[in-house]
Amino acid sequence: ENLIFASGLEGLFRSTDTGKTWSRLNLPPGEYVIRIHPRNPSSILAASSGHGVFRSTDLGETWELFSQYTFEGDFFHDLEFDPKDPQVLYAVSFYNGVFKSTDGGSTWLQKNSGLKWKNISACCADIPQVEVDPNNGKIVYVLLPNRIIYRSSNGGESWNPANQGLKFTKEVHVLKIDPKDTMTLYAGGANG
């Protein structure tokens, strides 16, 4: 409960005293997405576009390169566990869409059936996001840099648009499922 992680261009930092002091962790420089295992809080994943996925089993004290998949030539943006089955993870990148791992993040497969976002006119300020329904891991949402939300009801095997009435004309940054009412989804960006 006192542990906080922060990431920036210089790398990954950790505070063990609720942010009073910080130490840089022994990982290559770069921005990281950090996710804590939903059933084992001492197990943490740190994923980066240029370096792959690292894993720590001791609250971030030490790290091992867990998956060398680097989203090469792309910008990796988000990573989420399936809360019901933490061996299943979803990731999203700017140019290559959605990826899924069924072995805890060791290997990844693209899962883009039904997604349309190639040749987008979005800018690098668009930040793709992925969300997994905490009550049903087969329901997954993704917000792509074409500023459209897609929904999968079969664990990413196929996708359908889920953005009726939602008009983003400027960059997008946020997609979140309400943890108390999973039928409620929030999306945000420069339009509000």
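Helices (H or I, at least four residues) and strands (E, at least two) are DSSP runs, numbered from the N terminus. Gly192 lies in the segment after strand β17 (185–189). The model is a predicted one: local features need pLDDT of at least 70, side-chain atom pairs count only at pLDDT 80 or more, and totals for chains, interfaces and linings use all residues. Residues are numbered from 1 along each chain as its sequence is written, and side-chain values use heavy atoms, with hydrogens and water left out.

The chain contains 17 strands and 0 helices. Its radius of gyration is 16 Å, close to the 16 Å that the globule rule gives for 192 residues, so the chain is as compact as a globular protein of that length. This radius is taken over C-alpha atoms, and the rule is 2.2 Å times the number of residues to the power 0.38. Along the principal axes, the C-alpha trace spans about 45 × 35 × 30 Å.

Of the 192 residues, 46% count as buried. Buried means under 20% relative accessible area, exposed over 50%, and partly exposed in between (1.4 Å probe, protein chains only). Contacts were also counted (heavy atoms within 4.5 Å). Among those with a separation of 6 or more, 36% come from residues 24 or more positions apart.

The whole structure holds 1 aromatic pair. Tyr32 and Phe54 form this pair, which is edge-to-face, with 6.3 Å centre to centre and 65° between the planes. The pair links distant parts of the chain. Tyr32 sits in the loop between β3 (23–24) and β4 (33–36), and Phe54 in strand β6 (residues 52–56), 22 residues apart. Rings of Phe, Tyr and Trp (its six-membered ring) pair if their centres lie within 6.5 Å; planes under 30 degrees apart count as stacked, over 60 as edge-to-face and the rest as tilted. Both Tyr32 and Phe54 are buried.

Gly192 is exposed, because its relative accessibility is 67%. Leaving aside residues up to four places away in sequence, Gly192 touches Phe168 and Ala187. Its C-alpha atom is separated by 29 Å from that of Ile36, 156 residues apart along the chain.

Most residues other than glycine have a negative phi. Leu59 has a positive phi, near 65°. This residue is in the loop between β6 and β7 (64–67). Leu59 is partly exposed, at 39% relative accessible area. Arg147 also has a positive phi, near 70°. Arg147 is in the loop between β13 (140–143) and β14 (149–152). Its relative accessibility is 16%, so Arg147 counts as buried.
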